[in-house]
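Here is a short report for a first look at a protein chain. Keep the sequence and the 3D view open while reading.

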Amino acid sequence: RGKLFTFALWEGAVRQHGVPDGVRYRQGQWLADGETIVAVSDEAREERLVALRDGQVRALSADIGRVVAMRTAPVGTRVALTNHRHQVMIVDVESGTSTVIDHSECGRSESVVWSPDGAWVAYPFWTSPRHSAIKLHEVATGVSTLVTTPEFRDYSPSFDPAGKYL
């Protein structure tokens with residue numbers, strides 16, 4: 001418990017990443033480089049995003065709130081996440097900077113997904129306490145747009161494998 005392991009038997013023995021005892025890691029995911037793991041850590045008594053690589057642990061962002069959902073980009077070094085404050089954020093692992101790309105006054109997003117090329121992020125967005133729609137965020141411009149009508153409870157967006165359709 002509290003340890004993050006790599007279980008790839010065909011690549012050698014199991015290796016431990018992170019602090020051996022007393023620290024809990026959750027939502028661990030590989031970055032696109034295949035060498036860095038990004039996870040949420042409670043080492044500092046509050047949740048923070050950490051990068052684990054070559055036995056080293058590097059804290060990325062001190063104020064991400066309680067992470068609800070997290071996904072690493074299929075290319076590059078970015079992570080999209082949602083938190084208990086109803087925010088959707090993008091964190092650049094290389095620079096350690098974080099940007100809040102959206103915030104709802106009515107509810108939190110339970111999922112976030114990247115397009116296969118890493119140019120777009122899709123997530124559910126609560127427009128009222130009873131209605132949610134899917135929003136699409138263009139990373140290059142920083143613009144977020146509702147792509148479904150908030151008449152129902154739209155949730156769990158996904159892209160087709162080629163990234164042509166949401």
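## Overall make-up

The protein chain has 14 strands and 0 helices. Both kinds of element are DSSP runs, numbered from the N terminus: helices are H or I runs of at least four residues, and strands are E runs of at least two. From the N terminus on, the elements read β-β-β-β-β-β-β-β-β-β-β-β-β-β.

This is a predicted model, in which local features need pLDDT of at least 70 and side-chain atom pairs count only at pLDDT 80 or more, while totals for chains, interfaces and linings use all residues. Residues are numbered from 1 along each chain as its sequence is written, and side-chain values use heavy atoms, with hydrogens and water left out.

## Surface and contacts

Of the 166 residues in the protein chain, 41% are buried. Buried means under 20% relative accessible area, exposed means over 50%, and partly exposed lies in between (1.4 Å probe, protein chains only). The accessible surface of the chain is about 9300 Å². Carbon and sulfur atoms hold 50% of that surface. These areas come from the Shrake-Rupley method with a 1.4 Å probe; for residues, only the protein chains shown count as cover.

A contact means heavy atoms within 4.5 Å. Among the chain's contacts with a separation of 6 or more, 32% link residues 24 or more positions apart.

## An open sheet

An open sheet is built from 4 strands in the order S7-S8-S9-S10, with antiparallel pairing. Strands S7 (67–72) and S10 (98–103) are at the edges; each has a single partner strand, so one side of each has no neighbour in the sheet. From one strand to the next, the twist averages 20°. Angles run from 0 to 180 degrees between N-to-C directions, and axes are lines fitted to C-alpha atoms, for helices over the stretch in contact.

Two strands pair if DSSP finds at least two bridges between them. Strand S8 (residues 78–83) and strand S9 (residues 87–92) run antiparallel and are joined by 5 bridges. Threonine 82 stands opposite valine 88 in S9.

## Nonpolar cores

In soluble globular proteins, nonpolar side chains tend to be buried together. A nonpolar core is a set of buried Ala, Val, Leu, Ile, Met, Phe, Trp, Tyr and Cys residues joined through side-chain atoms within 4.5 Å. The largest one here has 14 residues. Val38, Leu49, Val67, Met70, Val79, Leu81 and Val93 touch the most other members. Strands S4 (37–41), S5 (48–53), S7, S8 and S9 each give two or more residues to this core. Another core, of 10 residues, lies apart from it; Ala80, Val112, Val121 and Tyr123 are among its members.

Valine 38 touches residues including Leu49, Met70, Val79 and Val93, not counting residues up to four places away in sequence.

## Lysine 135

Is lysine 135 buried or exposed? Lysine 135 is buried, at 12% relative accessible area. This residue lies in strand S13 (residues 132–138).

## Positive phi angles

Glutamine 27 is not a glycine, yet has a positive phi of about 60°. Glutamine 27 lies in strand S3 (residues 25–30) and is partly exposed, at 24% relative accessibility.

Serine 156, also not a glycine, has a positive phi of about 55°. Serine 156 lies in the segment after strand S14 (143–146) and is partly exposed, at 48%.
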